[in-house]
Amino acid sequence: MEDDIILSPDALQVFRYAMSQKSRYNRVLAVGLGGWSGENVVNAHPDTFVIRRSFYFPSMAYAFNISMWNIIKSSKFLHHSNRDWSEALGDIVNKKLGWTPFFIVPTLGRIWHIGSQGLGLRGDSSMKRHVELRAHWTKSPRLINLQTAKVNKGYRDLFGFFCGKFVQKSPLCPRSYFRFPAGRRFDIICVDAGNGVEPCLRKYPYLERDYTNWIH
């Protein structure tokens, strides 16, 4: 875990559940607790997870087993030309394995990134970024219920969309950026993700709602 994050109260339960599912999928290398900066993915729900493809390693908070650690340990990670560790590690993993790996993440992010300044691509701490005023999991009426937790079907893109074999060649489905813009990735976005009806928090009538943040 990075040192400038706050975890949700159920973060360890989320980790344990995701790791218990990891062994069912050969190409899943690790599990994370959210999107790139801990964001949600589409159709955020406290009980659902997705398997997504990524050229880069999950950032902020993640877990993996000893085989993944051995790949990192045997690599020249600290000497990689890219100073962004998640991109550098992703590049090493891709070259070592010969294929782009998949990761299990919750649809409702469990990370609140409170650091306003980071190393950035240049590795000189010059990057400043927006910090959410409150943890986005507080928009959910509850956290995980292990009795109803599940992994949504299909391999997904970075934002949780399913687009069949297309995602085998690209980390994004067509129009993903348009349907899930950067300014809304900490909100609850309920959309058709392309693989049937999926749970989404808007089904809860007692949810604190802001309809302007929804894409229909």
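I'll start with the overall fold, then turn to the disulfides.

First, the ground rules. This is a predicted model, in which local features need pLDDT of at least 70, side-chain atom pairs count only at pLDDT 80 or more, and totals for chains, interfaces and linings use all residues. Residues are numbered from 1 along each chain as its sequence is written, and side-chain values use heavy atoms, with hydrogens and water left out.

Now the fold. The protein chain has 4 helices and 9 strands. Both are DSSP runs, numbered from the N terminus: helices are H or I with at least four residues, strands are E with at least two. What order do they come in, from the N terminus on? Read along with me: β-α-β-β-β-α-α-β-β-β-β-β-α.

Next, burial. The protein chain has 216 residues, and 52% of them count as buried. Buried means under 20% relative accessible area, exposed means over 50%, and partly exposed is in between, with a 1.4 Å probe and protein chains only. The chain exposes about 11,200 Å². Carbon and sulfur atoms supply 56% of that. These areas come from the Shrake-Rupley method with a 1.4 Å probe; for residues, only the protein chains shown count as cover.

On to contacts, meaning heavy atoms within 4.5 Å. Take those with a separation of 6 or more: residues 24 or more positions apart account for 73% of them.

Now the disulfides. A disulfide is a covalent bond between the sulfur atoms of two cysteines. The cut-off here is a pair of cysteine sulfur atoms within 2.5 Å. How many does a search of the whole structure find? It finds 2.

One joins Cys163 to Cys173, with S to S at 2.1 Å. Both cysteines sit in the loop between strand S9 (150-156) and helix H4 (176-179), 10 residues apart. The link is left-handed, with -85 degrees about the S-S bond. Is Cys173 buried or exposed? Cys173 is buried, at 7%. Cys163 counts as partly exposed, because its relative accessibility is 21%.

The other joins Cys190 to Cys200, with S to S at 1.9 Å. Both lie in the segment after H4, 10 residues apart. Cys190 is buried at 2%, and Cys200 is buried at 4%.

Last, the pairing. Number the bonded cysteines in sequence order, and the pattern reads 1-2, 3-4.

That's my part. Thank you.
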